[in-house]
Amino acid sequence: MGRNQIEAYDNSRSWILPDHVRANIPLRGSVGMLGAHNAARGLLVEICRHTGAVPLGLHYHEVARRRGWLTVVTALAGSDGSFLLVTTRSFSDWRRTGDDGWRICINGQDLSSEDRNQTPSVPMQAAIVDRWLNP
């Protein structure tokens with residue numbers, strides 16, 4: 001596993017969202033909860049930590065596809081009256097090795113130069129957002 005990829009620690013730690021955040025998953029993790037939910041919460045928390053934004057909303061969506069899974073996480077944050085919308089998409093193909101991937105979109109703009117075969121760690125995803133917002 002590469003240095004910047006999702007690892008067991010990302011799925012086991014618990015990032016906590018403030019009570020004002022609107023989300024379709026619990027704002028806090030607990031024993032037995034999905035690690036993917038922790039990683040989704042972590043994306044919003046880490047984006048805000050890196051950019052200084054305030055967390056506003058989080059949407060987690062998983063779809064079973066014919067040949068694999070598609071996971072979409074949409075994080076909404078804001079600062080100084082502006083909004084930041086970050087969407088990540090992770091996908092897998094059960095039949096073909098090497099067809100897994102990860103993509104990120106910031107404020108509606110696909111960052112194709114950031115496409116990866118493996119999902120980056122949560123802090124690395126937030127660092128990518130920060131790098132694109134503050135070149």
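Select arginine 131 first: its relative accessible area is 41%, so it is partly exposed. Buried here means under 20% relative accessible area, exposed means over 50%, and partly exposed is in between (1.4 Å probe, protein chains only). The model is predicted, so local features need pLDDT of at least 70 and side-chain atom pairs count only at pLDDT 80 or more, while totals for chains, interfaces and linings use all residues. Residues are numbered from 1 along each chain as its sequence is written, and side-chain values use heavy atoms, with hydrogens and water left out.

**Stop 1: the partner of arginine 131**

A salt bridge is a side-chain nitrogen of Lys or Arg within 4 Å of a carboxyl oxygen of Asp or Glu. Arginine 131 sits in helix α3 and glutamate 114 in the loop between β6 and α3, so the pair ties together parts 17 residues apart in sequence. Helices (H or I, at least four residues) and strands (E, at least two) are DSSP runs, numbered from the N terminus. Glutamate 114 is buried, with a relative accessible area of 7%.

**Stop 2: helix α3**

Stay on α3 and colour Val122, Met124, Gln125, Ala126, Ile128 and Val129; these residues are buried. Next, check the helix length. Its 12 residues should span 16 Å, and the end C-alpha atoms are 17 Å apart, which agrees. The expected span is 1.5 Å times one less than the number of residues. An α-helix has 3.6 residues a turn, so residues three or four places apart point the same way.

**Stop 3: two further salt bridges**

Select aspartate 115 and arginine 103. Their side chains meet in a salt bridge at 3.3 Å, N to O. Aspartate 115 lies in the loop between β6 (109–110) and α3 (122–133), and arginine 103 in strand β5 (residues 101–106), so parts 12 residues apart in sequence are tied together. Aspartate 115 is partly exposed at 32% relative accessibility. Arginine 103 is partly exposed too, at 36%.

Jump to arginine 28 and aspartate 19. This salt bridge has an N to O distance of 3.1 Å. Arginine 28 is partly exposed at 40%, whereas aspartate 19 is exposed at 62%. By the rule given above, the count comes to six salt bridges.

**Stop 4: helix α2**

Select residues 35–51. How many residues of α2 are buried? The number is 12 of the 17, so α2 is largely enclosed by the rest of the structure. Among them are His37, Asn38, Arg41, Glu46 and Cys48. Step on to glycine 52, which follows α2 and has a positive phi, near 80°.

**Stop 5**

Most residues other than glycine have a negative phi. Where is aspartate 80 found? It is in the loop between β3 (68–79) and β4 (82–91). Aspartate 80 is not a glycine, yet its phi is positive, about 55°. Aspartate 80 is exposed, at 83% relative accessible area.

End at asparagine 107, in the loop between β5 and β6. Its phi is positive, about 50°, although asparagine 107 is not a glycine. At 45% relative accessibility, asparagine 107 counts as partly exposed.
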